[in-house]
Amino acid sequence: RARRIVASALLPLALAACAAGNARVPAQQVAPAAPGAASVGDSVVPGSGNGGYDVQHYDLDLKITPQAHPAVAGTTTITATATQALSRFDLDLTGLDVTKVTIGGVSAAHGRVPGKLVVTPPKPIAKGGSFTVAVTYSGDPKAVDDHLLGRYGWIRTGDGVFTGDEPDGAHSWFPGNDHPSDKATFGFRITVPRGLTAVANGELAGTTTSGDAVTYTWRERDPMATYLAMVDVGRFKVRSGHTPGGVPVYVAADSSVDQAGLDSLYADTVKITDAWAKLFGPYPFTSTGGVVDNAPVQFALETQTRPEYIAGMAAMPTVVAHELSHQWFGDSVSVTRWSDMWLNEGFATYAEWMWGERENPADTVQSQFDSRYAQAGSDLWNIPPAAPGRTALFGRSVYDRGAMALHALRKKVGDQRFFAILRAWTTEHRHGNATTAQFTALAQRVSGMDLRHLFQVWLYDRGRPANW
Ligand code: ARG
Ligand code: ZN
């Protein structure tokens, strides 16, 4: 991240200051306060993310009345650390009316430019300083309709709302640093009309009723990328318990899903969470589960601890296996930039193939590889999985050729080394961020083999690999 580079350039100065027994650093030696960068410079989501600060925690205190105006009203409070002396900084936010911004409880000037809320603190924030910015707002979030990525973000359902924000829909309903390179813990206080349930990430910490409104408090205690934050509101049936391996489970389903549908998602979630923990390393979060809703979208999403499904997908164990594998690959170990998406989707597709083989031994991972390898002239070969651009972010190369790259790796190094590589990956980057270069270096180190040619032809080159 650019802001880390800025921080390390100033580090010697900071160390010198410490060595001098906290002597005040003379003013002229301190970098003058400047505005934080207006984006992180990720070409897949131009404009998203911001420089100058690092978020530690989001607290969303929102009243959500999905079928009325305003659909959202409340305050999002962000705790962050300044990574430079800040005269001003941006938060990602699209639409919505902001009525008040405070920093440390004191009113701050604010303005809007497209996609951003620009905040000017009453006095500059010192580098390294921790600060709390509270944004009070209301309005009707709009779904994102993107010609390349489809419809995502704030999706109204028959009785509520479903939020599926990958890659950059989160800032259509809460302000923040909307890029996976800045992960933070989350708290949610979601107030909904009585009769509706609000489901979010992590664990339910309490439910309180006041008049005809109910407030659901959820807490996600592990770092989470903004696109994985989820609030799903509807008329839900709920089932909770623990896996045999000891992970708390919370599953919810829209009233249009019957009890058998809820029970099968519950059973698959329990079985797959524990199975993947044996293969990929300890489950990285404090609970598991899922939500099935009747949202008019065509995807499931690996929202942290609690993937979101549409009914047809929740009923497919391979889809559940895919979304739950993302808890390790994508959610715990997150991309640093979106062009490394195959680290999420190639791995989850590979997990999907492995689950298919467990359920039906005739449906082998090898046959998944072979049938795709036989295809000529497809996107698989035109687009390198490690450089898909925005156009092919959710395309077949990222998903299928990414999975094929892993299978090629497995065949080359053998099962024992392959699964050791996966476990080293989930252990070394647990709750963090990583890149393709870090994966290939790790694979070489753990296997003790030279894999440069294999990764070159499978991840970076155009054309169907012929030998590796
Ligand atoms: N990550 C999701 C999955 O693994 C796909 C999300 C698709 N998102 C979108 N905006 N089309 O299935
Ligand atoms: Zn996926």
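**View 1. An open sheet of eight strands in a predicted model.** Eight strands with mixed pairing build an open sheet in the order β6-β5-β9-β3-β2-β13-β16-β15. Strands here are DSSP runs of E with at least two residues, helices are runs of H or I with at least four residues, and both are numbered from the N terminus. Two strands count as paired if DSSP finds at least two bridges between them. This is a predicted model, in which local features need pLDDT of at least 70 and side-chain atom pairs count only at pLDDT 80 or more, while totals for chains, interfaces and linings use all residues. Residues are numbered from 1 along each chain as its sequence is written, chains are lettered from A and ligands numbered from 1 in the order in which they are written, and side-chain values use heavy atoms, with hydrogens and water left out.

View 2. Strand β2 (residues 53-64) runs antiparallel to strand β3 (residues 72-82), and eleven bridges join the two. Opposite Val-55 stands Ala-80 in β3. The loop between β2 and β3 contains Pro-70, which is joined to His-69 by a cis peptide bond with omega of about -5°.

View 3. Six of the seven residues of strand β19 (residues 248-254) are buried, where buried means under 20% relative accessible area, exposed means over 50% and partly exposed lies in between (1.4 Å probe, protein chains only). Seven bridges pair β19 with strand β18 (residues 236-242) in the antiparallel sense, and Ala-252 in β19 is the bridge partner of Val-238. The hairpin of β18 and β19 has five residues between the strands, and Gly-246 in this hairpin takes a positive phi near 95°. Strand β20 (residues 288-293) runs parallel to β19 and is joined to it by five bridges; Val-291 in β20 is the bridge partner of Ala-252.

View 4. Strand β19, helix α2 (residues 259-280) and strand β20 make a left-handed β-α-β unit. By definition, a crossover is right-handed if, with the strands pointing away from the viewer, the path from the first strand over the helix to the second runs clockwise. Thr-273 is located in helix α2 and counts as buried, at 0% relative accessibility. The side chain of Thr-273 reaches the backbone oxygen of Thr-269 at 2.7 Å. A polar contact of 3.0 Å links the side chains of Thr-273 and Thr-288. (A polar contact is a pair of N or O atoms within 3.5 Å; within protein, one must be able to donate a hydrogen and the other to accept it, and residues adjacent in sequence count only if both atoms are side-chain atoms.)

**View 5. The site of the zinc ion (ligand 2).** His-322 (NE2), His-326 (NE2) and Glu-345 (OE) coordinate the zinc ion (ligand 2) at 1.9 to 2.0 Å. His-326 lies in the loop between α4 (317-325) and β22 (333-335) and Glu-345 in helix α5 (residues 342-359), so this pair ties together parts that are 19 residues apart in sequence. Donors are N, O and S atoms within 2.8 Å of the metal (3.2 Å for Na, K and Ca); water is not among the atoms, so sites may look incomplete. The site is tetrahedral, with angles of 100 to 119° among its four donor atoms; four donors count as tetrahedral if all angles lie between 85 and 135 degrees. Along the chain, the donors follow the spacing H-x3-H-x18-E. Both His-326 and Glu-345 are buried.

**View 6. The surroundings of ligand 1.** Ligand 1 is surrounded by 13 residues, of which Leu-149, Glu-166, Glu-302, His-322 and Glu-345 are the closest; a residue is near a molecule if one of its heavy atoms lies within 4 Å of it. A nitrogen atom of ligand 1 lies 3.1 Å from a backbone N or O atom of Leu-149. A cis peptide bond with omega of about 5° joins Glu-166 to Pro-167, and Pro-167 is placed in the loop between β12 (161-164) and β13 (184-193).

View 7. Leu-96 has a positive phi of about 70° although it is not a glycine. Leu-96 belongs to the loop between β4 (86-92) and β5 (97-103) and, at 12% relative accessibility, counts as buried. Thr-305, likewise not a glycine, has a positive phi of about 70°. Thr-305 is found in the loop between β20 and β21 (308-310) and is buried at 0% relative accessibility.

Conventions. Tetrahedral: all angles 85-135°; square planar, octahedral: opposite > 155°, others 65-115°.
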